[in-house]
Amino acid sequence: MAAVFILKRKIMQKNWYIVYTKSKKEKKVVNLLTKRKIENFCPLNRKMVTNYRRSKLEYEPLFNSYVFVYIDEVELSSLRKIDGIVNIVYWKGEPAVISDEEIDAIKEFTSVYTNIRLQKTQVDFYNMQSKDEPSYFIEGNLVMIKNRSFKVDLPSMGFTMLADVEVESARILEGSFGSKQLRLQS
């Protein structure tokens, strides 16, 4: 009896999943999910684009054709009926679950930095921290400063987010839990 209760509880728990969308349809899918009152997140990358003498800020999805949804596993199958969604992203035969910490890291990184680049990575959990370069942990994700770049690993997705900043504008502050946090000065 207890095993059935645990199984039902696991299924009814909400998690972050990734849905694969048609090309250039991320914003449309976000609007349709929002109308159906399904919590979603499509990280946007702010890019400074210069045409002739004018510079303007443009927003584009950070992960092409990916939208994150916060939903329980039972409701996943109904997502395929939404126009613009191709499928759910699977890992080893199961829907890929993204941790709350990684979603929070993506939200924080995209809110602070512009011109973010993605790099595919193979995660090596044993050698994540290098002694040759300074590194700092923010909520469990490795953040490194090297050659004026910040890096945040997203191990469950197999990506690293990279952003270039001016070294003079970066300042290290002691956090309340003893961990180091990086913030930009204006």
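Start by selecting Asp-164, a partly exposed residue with a relative accessible area of 47%. Keep in mind as you click around that this is a predicted model.

**Stop 1: a salt bridge by Asp-164**

The side chains of Asp-164 and Arg-117 meet in a salt bridge, at 3.0 Å from N to O. This pair links distant parts of the chain: Asp-164 sits in strand 14 (residues 159-164) and Arg-117 in strand 10 (residues 117-120), 47 residues apart. Arg-117 is partly exposed, with a relative accessible area of 36%.

How many salt bridges does the count come to? Four. Let's visit another couple of them.

**Stop 2: Lys-28 and Asp-83**

Select Lys-28 and Asp-83. They form a salt bridge whose closest N and O atoms are 2.6 Å apart. Lys-28 lies in helix 2 (residues 26-35), while Asp-83 is in the loop between helix 3 (76-79) and strand 6 (85-88), so the pair ties together parts that are 55 residues apart in sequence.

**Stop 3: across to strands 3 and 4**

Next, pick Glu-60 and Lys-47. Here the salt bridge has its closest N and O atoms 3.4 Å apart. Glu-60 belongs to strand 4 and Lys-47 to strand 3, so this bridge ties together parts that are 13 residues apart in sequence. Glu-60 is partly exposed, with a relative accessible area of 33%, and Lys-47 counts as partly exposed at 31%.

Select Leu-44, Met-48, Leu-57 and Tyr-59: together they make a nonpolar surface patch of about 370 Å². Which elements give two or more residues to the nonpolar patch? Strand 3 and strand 4 (54-61). Leu-57 has its place in strand 4. Patch residues need over 30% relative accessible area, and Leu-57, partly exposed, has 39%.

**Stop 4: a negative patch**

Leave the surface on and select Asp-100, Glu-101, Asp-104 and Glu-108. These gather in a surface patch of negative charge. Click on Glu-101 and you land in helix 4 (residues 100-112). Glu-101 is partly exposed, with a relative accessible area of 43%.

**Stop 5: aromatic rings**

Then select Phe-41, Phe-63, Phe-68 and Phe-159. Ring pairs link these four into a cluster.

**Last stop: Cys-42**

Finish with Cys-42, in the loop between strand 2 (39-41) and strand 3 (44-51). Why does Cys-42 count as buried? Its relative accessibility is 14%, and buried means under 20%. Now select Val-30 too and show the C-alpha atoms. Cys-42 and Val-30 are twelve residues apart along the chain, and their C-alpha atoms are separated by 7.2 Å.

Notes: Residues numbered from 1 in each chain as written. Predicted model: local features only at pLDDT ≥ 70, side-chain atom pairs only at ≥ 80, totals over all residues. Heavy atoms only, no water. Patch = residues over 30% accessible without salt bridge, like charges linked within 9 Å, V, L, I, M, F, W, Y side chains within 5 Å. Areas by Shrake-Rupley, 256 points an atom, 1.4 Å probe, with all protein chains shown as cover. Lys, Arg positive; Asp, Glu negative; His and termini not counted. Charge placed at Lys NZ, Arg CZ, Asp CG, Glu CD. Helix = DSSP H or I, 4+ residues; strand = E, 2+ residues; numbered from the N terminus. Buried < 20%, exposed > 50% of the residue type's maximum accessible area, 1.4 Å probe, protein only. Phe/Tyr/Trp six-rings, centres within 6.5 Å; stacked < 30°, edge-to-face > 60°.
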